[in-house]
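Open your viewer, load the model and switch to a cartoon display. The stops below tell you what to select next and what you will find there.

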Amino acid sequence: MKKFLNTLFSMKVAGIILVFLAVILAVATFIENDFGARYAKEVVYASWWFELLLFVLAINLTGAVFKYQLYKKEKLSRGIFHISFVIVLAGGFFTKHFAVEGMMHIRENDCAEEILMENMNLYTEVSVDENVVSQQFEVDNSMFYKVGEVAPDNKEDFKVDIYHYPVAHVPVLYESESGSPVMLLMFASQFRSYALPVFEGQEFFIDNIRIGFNVSTPEGLKFDFRQDSLSVTYPEEMMIRRMMGGSGENILEANTPHALNAYTIYETEDFRFVLTDFMPEAIVRYEQDNSQQNPGAEILMVIQSDTKTLFFPVVRSEVAMPANKMSFEDVVVEATWQPATIDIPFSVCLKDFQIERYPGSESPSEYRSFVELTDSREDISFPFEIYMNNILKYNGYRFYQSSFDQDEKGTVLSVRKDRTGTFLTYLGYFLMIFSMIWALADKNSRFRLRLRSLSNAKTVLLIPGLIILALIQPQELKAQNKPVEPDKEIAASFGQLQALGANGRLMPVNTLSDEVLRTLYGKSKYQNMNSDQVLLSMIADPQNWMGEKILKVKFEDLRKRLQIKESYASFNDIVDPGTGQYLLSKDIEEAYNKKPVYRTKYDREVIKIDERLNVFYLILTNRYIKMYPVDGESGSVWLAAEHNLQNLSSMDSLFITNAEATLGEALISNNNVKAQKVINDIDSFQHKNASVDIIPDNKIKAEIFSNRADVFNRLWRFYSTFGFFMIIVFIINVARPFRRYAWMSKVGFIHLLVAFIIHTAALGLRWYISGHAPWSNGYESLVFMAWSAMLAGLLFYKREPFALWSTSVLTAMVLMVAHLSWMNPQISNLVPVLKSVWLTIHVSVITSSYGFLGLSAIIALSAIILQIAAGTTFKENIENAIKRLTAISEIIMIPGLYLLTIGTFLGAIWANVSWGRYWGWDPKETWALITILIYAFVIHLKYIPGLKGRYFFNVMTVIAFFSILMTYFGVNYYLSGLHSYAGGDPVPIPAWLYFAVGSLFLIFIAGNFMYKSSRPKE
């Protein structure tokens, strides 16, 4: 028994559990992506074996405290850290088994006294004459099994068997002499879709639509099979469209039989269907279909008698829907999904629901439910305002704002009661954070011991002039032929006007012009004109701009298609000026008809040029720049010059119509005085009609300054130039130390410190401009991640200067990625759920951890590369450098892992405050946990026999960082979830990623060979 417990509590078993758990969770996220969140939850997260695995992990962590005496004073910080995880796991156990969680839907002036639970139950009813048999079934969604059966007493040899399929199963026809005529329909109503087998003699209802096949149905959708041909009749007109091999639309007359053709869409206001297969003698089998293209059955009701077997699929729904009915001889079978409900001992009444929107936009800034809670038992009644991050708490129940009805007359509240689970979980979080801080300060901790081992750290380098070199941008060549070129002062004045962006945010026109020019041309200047001049010139002289080569076309095959040699095309190159023919219309249609994952590079480039062309066309036709505010129902509405102006006052309509035309005439005639007057008039119009919404002048100036400085784009050039140069000098110093190395290192530190201060100031400026923390989107979080990486490098400079030089390269890489074409640097409004101080803390902490862990990976990779050179003349110097780099990589990893863990669980607190659940197994949450598990495994490698080697630690440190990349990028673009951007089909994996991974593994193999051949002492 003692031997068994020693094994159970060992680091080896802990490592196996961590790796196995990480793999299981990774697989679960892909299961969710392919089969849905509910299926992944039932198969993995809510399964008994997964709970058993977590229980074994808790036993291992608890036993390790006693086996390794982590309760002693010098090890107590680590002991508390391990126990905190056990407490968090205990909190999850109580939440899973004892928490009450559901939704409450209330309309204005109505009250609710029950909670709709998350789980849906299947309700069935079988009626024979006046005998009705009703049953309710709780369905286990994780497996195929027979849910139950319904058999009325007064109908012999008749029963309904109910089966559950865990993944989509669709009907397939097979010819059989003993079969009967069967049609396969793809049927879709306003509620749901079906892959539906329809048997001869069958009559049923789908969402109140009556369907019959070779029956005397008095009304509804009738199918008939007579004289070897199929026909369809419906009491109303139907529209038909061919899916393949045809075009156009036809209207079918009501109450008239029409030929039923395969792969033709038949459509009414209430439903549509397609005949996909038909056999006059067939049997039906249900087979698994993983394509997600067919709405398969999850509940299959098999209705049987002595003479016939019919299939009645019931597609699972997450909300209550109308019951489905099927007639079978003299029997009526009904089935529907309904949520389980729980009564609460008080009522919540909705007095009013309100949505606040951003100025001039339909985007919601906040939505609020004004409710009144009444508890007659305690004679308590009080009003409360529920909105995102403002929770109603009463009697252990917590009510969160979740969503609302489309007509904005009702609210949906998330409801949760989980005192024990939440208390234990929060206690675990607190102890975890406390123990991490203690461990960083504890002189006996691994972190402090490794720091002391580097007390005699040597240093590295830089040349100040590199900053100037990196910040200089190449000047654009002047064009020989150009449209009208506005005066720079006039253009600058135009840039200070305000406009409504596509994302619903008010911004200076300068910001809009910069976005437009980068979208069209890929640069911030066109020839010798800045973005304000270009946009103003397009308004004044649209005809001449149609011939300008301003639309970026990088792909060579696309240039050949357009018959252009340059990397830029004009509007006239793509749209024939004589006929108006769009030369890429067929290419665009083919590209959009493909799923993103199947699009070729040519398809993707065609879509990009189409988007650029549309933006360009809207600008030239005065329909893009919305800078004219007018009164609307819910505040000011911002219009473009060519907007529908019929509902405006005659004065406003006249001003908007004439303003840009007059401005254009003044610019063409070079009348700057008149042009400035028009701009001043537009500015006065904006302040008069949108005085409440207008941006203050100081913020306008700050944003224009930020646009022109373009700090982050310039900084990555400096960081990369500096970093690579310093790394080269470091390698030279390792091989042959030189006297001026320490001096160059200090000068380099000063330069990077100045760059970091500029980086910090630019982040602060963006915070001031947007009014919220600058990490609300992908671009901002990358910029902040780069900042945190530089902070880590500066903090560890004294211990190991190389950490700072490698940080410089890492920071440059992150900033460079932030400025790739698929990242959007635009400042955006916050959605209501993101307006939380917990989100600000969560994102800042977890993004900082990425900087530390990225730096750890870069240093480990450097050590591996140096390992390849370990067999050279300077072997001893290189071996010493490798040892130091390995140590510093581990030192940096420890606070990185702490920050990652703290940030992840702070995110759980934010989720609990915002929508009522602190953990929901969303793919982003799951991959954050996977990353913690992987790094925990790497940190404990030194305690696991057979895995203690320095080289293996460095390799695993680099590999572990791929989990960060998956968490940050992969989940967003390849998995579905609350945090995801893809929203559907994944984008193709870029080819360079395969090359990068392949190169890394070649480096690993070469380094491993040199490591084994040299066998350095640990």
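Which residues in helix 2 meet which residues in helix 3? I24, L25, A28, T29, I31, E32 and F35 in helix 2 meet A37, Y39, A40, V44 and Y45 in helix 3, where contact means heavy atoms within 4.5 Å. Helices here are DSSP runs of H or I with at least four residues, strands are runs of E with at least two, and both are numbered from the N terminus.

Before you move on, a word on what is loaded: this is a predicted model, in which local features need pLDDT of at least 70 and side-chain atom pairs count only at pLDDT 80 or more, while totals for chains, interfaces and linings use all residues. Residues are numbered from 1 along each chain as its sequence is written, and side-chain values use heavy atoms, with hydrogens and water left out.

**Stop 1: helices 2 and 3**

Stay with this pair and select residues 11–35 for helix 2 and residues 37–45 for helix 3. Their packing angle is about 150°, and the axes lie 7 Å apart. Axes are lines fitted to C-alpha atoms, for helices over the stretch in contact, and angles run from 0 to 180 degrees between N-to-C directions. Helix 2 and helix 3 are therefore roughly antiparallel; angles under 35 degrees count as roughly parallel, over 145 as roughly antiparallel, 65 to 115 as roughly perpendicular and the rest as oblique. The crossing of helix 2 past helix 3 is right-handed. A crossing is right-handed if the near helix is turned clockwise from the far one by less than a right angle, and left-handed if anticlockwise. Colour the contact of helix 2 with helix 3 by class and you get 10 nonpolar, 1 polar and 1 charged residues. Ala, Val, Leu, Ile, Met, Phe, Trp, Tyr, Cys and Pro count as nonpolar, Asp, Glu, Lys and Arg as charged, and the others, Gly among them, as polar.

**Stop 2**

C111 sits in strand 2 (residues 111–128) and C349 in strand 19 (residues 331–357), so the pair ties together parts 238 residues apart in sequence. Look along the S-S bond: the link of C111 and C349 is right-handed, with 100° about that bond. Buried means under 20% relative accessible area, exposed over 50%, and partly exposed in between (1.4 Å probe, protein chains only).

**Stop 3: a serine in helix 6**

Select residues 419–441, which make up helix 6, and find S435 within them. S435 is buried, with 1% relative accessibility. Leaving out residues up to four places away in sequence, S435 touches S77, I80 and F81.

**Stop 4: helices 9 and 18**

Next, pick helix 9 (residues 488–495) and helix 18 (residues 672–689), which pack at about 5° with axes 10 Å apart. That makes helix 9 roughly parallel to helix 18. The contact is made by I490, S493 and F494 of helix 9 with N672, A675, Q676 and I679 of helix 18. By class, the contact of helix 9 with helix 18 has 4 nonpolar, 3 polar and no charged residues.

While you are in helix 18, click on D681. D681 is partly exposed at 30% relative accessibility.

**Stop 5: helices 10 and 16**

Helix 10 (residues 509–521) and helix 16 (residues 601–620) come next, packed at about 135° with axes 9 Å apart. This pair is therefore oblique, and helix 10 passes helix 16 in a left-handed crossing. V516, T519 and L520 of helix 10 make the contact with R612, V615, F616 and I619 of helix 16.

**Stop 6: two loops**

Finish with E408, in the loop between strand 23 (397–404) and strand 24 (410–417). E408 is not a glycine, yet has a positive phi of about 60°. Q527, in the loop between strand 27 (525–526) and strand 28 (529–530), is not a glycine either and has a positive phi of about 55°.

Methods
A disulfide is a pair of cysteine sulfur atoms within 2.5 Å.
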